[in-house]
Amino acid sequence: MQNLRGIFGILMTLINSERPITRKALADKFELSERTVSRYVDAMSANCGIPIITTFGAGGGYSVADNYRLHSTYFTTDEYDRLLTALSAVQTELDDDVTAALRDKLSNLRAESENDKYLVKNDRLVIDSTSWLNADDYRGTMSAINRAIDESKVLRMSYVDKLGSKTKRDFDPYTLALKEGVWYVYGFCHSRNDFRLFKLSRIKELSILNEIFTVKTGGDVYDKLREEFIDREKVNITLAFDAEALPSIEEWLGIDRIEQTENGYTAAAYVYSEDLLLKKLLALGSHVKVLSPAFVAEELRVELQRTLLRYA
């Protein structure tokens, strides 16, 4: 029985892992010797026909072939519901361990499918991206970058800068960063021989090389994030707005910047100007009015007129 628990535990761990797991990691997790882990893995492969893959070298270990997995996207949400309903209907006639196991597995897969809308999700951090981008557009890129960071492997990417110029770069990824609703990856660029910050939305092609990198000293992701905004002008702005805009203003400027008035609310803050400010104000629509400075109110008025002309 102890053997079965160990084999089953190792199998479930390998199936649920996106990358190979070393023999030592499995031994530590299940409190087994590394020789016992090897014996269990051999038994799964030889006696049970489970396609176990062994990868050697840095980042290697045991993994299960992709064609042995049933991914959550194999069924739609409606199909999950129909399967679970059908199992419930026959449960009185087939009330055994097999039916219970099927229900548990389908329920877990359905939960995984529901969680696909989260771009980043773990026990300590959840980012629900559905309100401002399509998570599928970034998930593949972020997954590859995370894997390269974990395994200290060089990335090769095609990058399009803000002027539209496309370049091929080899890049050592150190960390992912989110600022002002924009995702970046920070690390060391081989082409520029310097630390760089790249927007994920501008990465068009990405592949992981077998080359292992060592993190170089002297870089600072916080400095790079500040540089991204250092050339942008800031302005003291005062707004009047109604209750509909209150939650958005609270998230943007902070609760301590807001004062309630007889007719609604006002807020004053020192914010980035130019396109960032205009886009934010346009998103708030008719629920907000710029009280000062006058030039921001004028820029907003001109932009609104341009918008109206498109629909004239």
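Which residues does Asn236 touch, not counting residues up to four places away in sequence?

1. Asn236 touches Ala269, Tyr270, Ser292 and Pro293 once residues up to four places away in sequence are set aside, where contact means heavy atoms within 4.5 Å. The C-alpha atoms of Asn236 and Tyr270 are separated by 4.3 Å, although these residues stand 34 residues apart along the chain.

2. On the basis of these values, please note that this is a predicted model, in which local features need pLDDT of at least 70 and side-chain atom pairs count only at pLDDT 80 or more, while totals for chains, interfaces and linings use all residues. Residues are numbered from 1 along each chain as its sequence is written, and side-chain values use heavy atoms, with hydrogens and water left out.

3. Asn236 lies in strand S10 (strands being DSSP runs of E, at least two residues, and helices runs of H or I, at least four, numbered from the N terminus). Asn236 is exposed, with a relative accessible area of 54%; exposed means over 50% and buried under 20%, with partly exposed in between (1.4 Å probe, protein chains only).

4. Leaving aside neighbours within four places in sequence, the contacts of Ile237 include Val271, Leu277, Leu281 and Val296.
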